Amino acid sequence: VEVQDICENTNAEFVANIPRFIQRAADQVQRDLGLEIWRQYLVTTITTSGSLARDTDWLIVRSLFLPVQNKFLEKRHLDYVRMYGGIGRPKVWAEDEEGTMLIGPTPNSSYPVRVEFYERLAALSTGNETNWITRNAGDMLLLQTLINAQSYLVSPERVQEFAGMYGAVQQGAVVELRESERQRYQPVRSAARPVLQAGASA
């Protein structure tokens with residue numbers, strides 16, 4: 001309702017898309033904060049198919065490590081990996097638009113690989129209205145949701161306005177939360193609600 005009021009839009013299609021705006025915003029806030037508390041590792045297998053499906057819980061894939069070679073695969077541009085010829089031990093990887101990780105050269109056998117990733121927080125929904133983001137970065141969540149909503153409404157001026165506010169809040173939040181991590185505390189912060197006005201500059 002808050003997003004709807006600020007955007008001053010009651011169109012049924014717009015309202016139906018608000019949950020999608022919020023979830024996309026939650027993912028973006030988590031990416032932008034990039035805290036160590038979300039870093040996870042998982043050992044899986046690269047097969048001769050030359051691709052590795054991305055789990056829906058992997059918000060960001062940070063690295064692929066090949067134990068048999070005791071080295072990381074090099075992340076390269078998608079086009080580079082697609083053009084990488086031959087068959088052999090994996091050397092490079094890239095992620096395509098669908099979230100599949102392509103491996104080059106095409107593996108000549110199955111290889112265990114350790115995936116380093118940031119784990120996506122539980123999705124927000126009517127049955128799950130709070131998570132770490134809502135409790136510690138609710139101001140960023142609201143602003144990013146408004147950016148998504150105004151992009152949908154094709155309102156570049158408002159997108160720019162909210163993006164500027166988001167950038168300022170993000171900078172302070174990252175410093176505060178990462179400092180908490182360095183001091184071995186559970187990263188938490190008090191997220192003050194940004195002052196916003198419906199349909200006009202804040």
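Here is a friendly set of questions and answers about this predicted model.

User: What should I know about the model and its numbering before I start?
Analyst: Welcome! This is a predicted model in which local features need pLDDT of at least 70 and side-chain atom pairs count only at pLDDT 80 or more, while totals for chains, interfaces and linings use all residues. Side-chain values use heavy atoms, leaving out hydrogens and water, and residues are numbered along each chain as its sequence is written, from 1.

User: How many helices and strands does the protein chain have?
Analyst: Helices (H or I, at least four residues) and strands (E, at least two) are DSSP runs, numbered from the N terminus. The C-alpha atoms of the protein chain fill a box of roughly 60 × 40 × 30 Å along the principal axes. Within the protein chain there are six helices and ten strands.

User: What share of the 202 residues in the protein chain is buried?
Analyst: Buried means under 20% relative accessible area, exposed means over 50%, and partly exposed lies in between (1.4 Å probe, protein chains only). Of the 202 residues in the protein chain, the buried ones make up 42%.

User: Among contacts between residues at least 6 apart in sequence, what share joins residues at least 24 apart?
Analyst: Contact means heavy atoms within 4.5 Å. For the protein chain, the share of these contacts that joins residues at least 24 apart is 65%.

User: How is H2 oriented relative to H6?
Analyst: Axes are lines fitted to C-alpha atoms, for helices over the stretch in contact, and angles run from 0 to 180 degrees between N-to-C directions. Helix H2 (residues 12–33) packs with helix H6 (residues 156–182) at an angle of about 55°, their axes being 10 Å apart. Angles under 35 degrees count as roughly parallel, over 145 as roughly antiparallel, 65 to 115 as roughly perpendicular and the rest as oblique. H2 and H6 are therefore oblique.

User: Which residues of H6 meet H2, and what is the handedness of the crossing?
Analyst: From H2 come Gln28, Val29, Asp32 and Leu33, and they meet Tyr166, Gln170, Ala173, Val174, Leu177 and Arg178 in H6. A crossing is left-handed if the near helix is turned anticlockwise from the far one by less than a right angle, and right-handed if clockwise. For H2 and H6, the crossing is right-handed.

User: How are H2 and H5 arranged?
Analyst: The axes of H2 and H5 are 8 Å apart, and the two helices pack at an angle of about 130°. That makes H2 oblique to H5. Their crossing is right-handed.

User: How does H5 run relative to H6?
Analyst: H5 and H6 cross at roughly 155°, and their axes come within 9 Å. That angle makes H5 roughly antiparallel to H6.

User: How many nonpolar residues does the contact of H5 with H6 have?
Analyst: H5 passes H6 in a left-handed crossing. The contact includes Leu143, Leu146 and Ile147 of H5, and Phe162, Met165 and Val169 of H6. Ala, Val, Leu, Ile, Met, Phe, Trp, Tyr, Cys and Pro count as nonpolar, Asp, Glu, Lys and Arg as charged, and the others, Gly among them, as polar. By class, this contact of H5 with H6 has four polar residues, two charged and, as for nonpolar, eleven.

User: How many of the 15 residues of H5 are buried, and what do the buried ones pack against?
Analyst: H5 is mostly covered, with twelve of its 15 residues buried. Among them are Leu141, Leu142 and Asn148. The buried residues of H5 pack against H1, H2, H4 and H6.

User: Is Met165 buried, exposed or partly exposed?
Analyst: Met165 lies in helix H6. Its C-alpha atom is separated by 46 Å from that of Gly85, 80 residues apart along the chain. Because its relative accessible area is 22%, Met165 is partly exposed.

User: Is Glu116 buried or exposed?
Analyst: Glu116 has its place in strand S10 (residues 111–119). Not counting residues up to four places away in sequence, Glu116 touches residues including Arg39, Tyr41 and Arg62. Since its relative accessibility is 11%, Glu116 counts as buried.
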